[in-house]
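Subject: Structure handover and notes

Dear colleague,

Please find the structure below, with my notes after it.

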Amino acid sequence: MVSFNALKNTLALVLMCFVLSSCGFHLKKASSLPDNLKTLTLKGDDEKSSLFLELKKELKASNVELTPSAKNIAQLYLRKETIERQTLSLFQNGQVAEYELAYGVSYVVKRPGEKAIEQRFELYRNYQDDPDHALAKAKELDLLIVEIRKQASRRIVRELSQL
């Protein structure tokens with residue numbers, strides 16, 4: 001009886017592995033940038049902003065060599081980020097209960113001998129506000145914006161790999 005249960009469990013495990021491997025799921029490979037973007041100059045409207053520093057870190061993690069400006073090197077110019085807040089819902093007393101945060105990023109890629117490419121995208125997040133816990137909600141908003149910046153920098157690198 002014990003061997004029948006062990007055989008049944010083993011067969012179920014093998015069948016599950018077979019089903020998962022046959023469904024076509026594969027882990028996403030790391031984005032590889034084109035050769036003409038492996039070395040580039042990173043500039044921006046605000047080179048001390050959190051997004052600029054996060055993008056710089058993400059590019060270095062993607063094995064991009066950042067160099068000073070030169071004519072034969074591609075340039076990535078990061079424009080100023082925009083953060084807009086829109087009211088989604090209100091409490092019965094008229095105070096805001098929920099916001100939608102729209103985080104906008106635009107950048108320009110200039111490669112030698114090619115036309116400049118301007119890209120823009122927005123990321124959206126909803127968050128709840130509670131006037132009784134204002135400090136905690138302010139900290140939550142700060143953490144949310146940090147996460148959005150990380151996601152935006154990863155998206156820029158992903159979009160660069162598609163050029």
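Is Arg 149 buried or exposed? Arg 149 counts as buried, at 15% relative accessibility. Here buried means under 20% relative accessible area, exposed over 50%, and partly exposed in between (1.4 Å probe, protein chains only).

Before the rest, the ground rules. This is a predicted model, in which local features need pLDDT of at least 70 and side-chain atom pairs count only at pLDDT 80 or more, while totals for chains, interfaces and linings use all residues. Residues are numbered from 1 along each chain as its sequence is written, and side-chain values use heavy atoms, with hydrogens and water left out.

Salt bridges

A salt bridge here is a side-chain nitrogen of Lys or Arg within 4 Å of a carboxyl oxygen of Asp or Glu. The count by this rule is six salt bridges. Three of them are described here, beginning with the residue asked about above.

Arg 149 forms a salt bridge with Glu 81, and the closest N and O atoms are 3.0 Å apart. Because Arg 149 lies in helix α3 and Glu 81 in the loop between β3 and β4, the pair ties together parts that are 68 residues apart in sequence. Glu 81 is partly exposed, with a relative accessible area of 22%. Helices (H or I, at least four residues) and strands (E, at least two) are DSSP runs, numbered from the N terminus.

Arg 79 and Glu 118 meet through their side chains in another salt bridge, at 2.7 Å from N to O. This pair also links distant parts of the chain, with Arg 79 in the loop between β3 and β4 (82-90) and Glu 118 in strand β6, 39 residues apart. Arg 79 is partly exposed at 31% relative accessibility, whereas Glu 118 is exposed at 53%.

The side chains of Arg 155 and Glu 159 form a salt bridge at 3.0 Å, N to O. Both residues lie in helix α3, four residues apart, about one turn of the helix. Arg 155 is partly exposed at 25% relative accessibility, and Glu 159 is buried at 18%.

Nonpolar core

A nonpolar core is a set of buried Ala, Val, Leu, Ile, Met, Phe, Trp, Tyr and Cys residues joined through side-chain atoms within 4.5 Å. The largest one has 30 residues, of which Leu 59, Leu 76, Ile 156 and Leu 160 touch the most other members. At least two residues of this core come from each of β1 (39-44), α2 (50-61), β3 (74-78), β5 (96-110), β6 (117-128) and α3 (134-161). The most come from α3, which gives eight residues.

Not counting residues up to four places away in sequence, Leu 59 touches Leu 40, Leu 42, Val 64, Leu 66, Leu 76, Val 157 and Leu 160. Contact means heavy atoms within 4.5 Å.

Ser 49 sits in the loop between β1 and α2 and is buried, with a relative accessible area of 14%. The side chain of Ser 49 reaches the backbone oxygen of Asp 46 at 3.1 Å.

Asn 63 lies in the loop between α2 and β2 (65-66). Phi of Asn 63 is near 60°, a positive value in a residue other than glycine. Asn 63 counts as exposed, at 62% relative accessibility.

Finally, Val 19 lies in helix α1 (residues 2-22) and is partly exposed, with a relative accessible area of 42%.

Regards

How values were computed: Polar contact = N/O pair within 3.5 Å; in protein donor to acceptor, adjacent residues only side chain to side chain.
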